[in-house]
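Have the sequence and the 3D view open, and try each task before reading its solution.

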Amino acid sequence: MPSTVAITAEQRAQIKEIVCEILEIEPAEVTDTSLFKEDHNADSLGAIEILSSLERTFQIEIDQTELVRMVNLDGVVAVVQEGLSK
């Protein structure tokens, strides 16, 4: 079983920046648990854009089945963390 790579504060900030840029929301409005769709009116296209941007930025592969977990910042960070641990 692969060891888990810890996400640095810098990486977490980078993830938040990507999410905010794609969803066109102010970073101050996004909390770790605010829901992209319900709280920020994000659509499914935004989620796919976030996924591909994260793949490019962090040089990882994220299966599209992970989109169901990427509903808030904590979920996105967890998915990236798992991708980095592979």
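Helices here are DSSP runs of H or I with at least four residues, numbered from the N terminus. Keep in mind that this is a predicted model.

**Exercise 1. Find the helix that gives the most to the lining of the largest pocket, and describe that lining.**

Solution. Start with the space itself: the largest pocket holds about 220 Å³. Of the 13 residues lining this pocket, Lys-37, Asp-43, Ala-47, Met-70 and Val-71 are the closest to its centre. Next, look at the helices. Both α2 and α3 supply at least two residues of the lining, and α3 gives the most, with 4 residues.

**Exercise 2. Which residues touch the most other members of the largest nonpolar core?**

Solution. The core has 22 residues, and those with the most contacts to other members are Ile-15, Leu-54, Met-70 and Val-80. Then ask which helices contribute: α1, α3 (44-58) and α4 (73-85) each supply at least two residues of this core. Take Ile-15 as a worked case. Beyond its neighbours within four places in sequence, Ile-15 is in contact with Leu-54, Phe-58, Leu-73, Val-76, Val-77 and Val-80. As background, nonpolar side chains tend to be buried together in soluble globular proteins.

**Exercise 3. Work out whether Ala-6 is buried or exposed, and say what Ala-6 touches.**

Solution. Begin with location: Ala-6 belongs to the segment before α1. The cut-off for exposed is over 50%; Ala-6 has a relative accessible area of 58%, so this alanine is exposed. For contacts, leave out residues up to four places away in sequence, and Ala-6 touches Gln-11 and Gln-81. To finish, check a distance in your viewer: the C-alpha atoms of Ala-6 and Ile-18, 12 residues apart along the chain, are separated by 19 Å.

Conventions:
Residues are numbered from 1 along each chain as its sequence is written. This is a predicted model: local features need pLDDT of at least 70, side-chain atom pairs count only at pLDDT 80 or more; totals for chains, interfaces and linings use all residues. Side-chain values use heavy atoms; hydrogens and water are left out. A nonpolar core is a set of buried Ala, Val, Leu, Ile, Met, Phe, Trp, Tyr and Cys residues joined through side-chain atoms within 4.5 Å. Buried means under 20% relative accessible area, exposed over 50%, partly exposed in between (1.4 Å probe, protein chains only). Contact means heavy atoms within 4.5 Å. On a 1 Å grid over the protein atoms alone, a cavity is a set of points where a 1.4 Å probe fits but cannot get out, and a pocket is an open set with protein on both sides within 12 Å along at least five of seven lines; lining residues have an atom within 4 Å of a point. Grid points are joined across faces, edges and corners, and a volume is the space filled by probe spheres set on the points.
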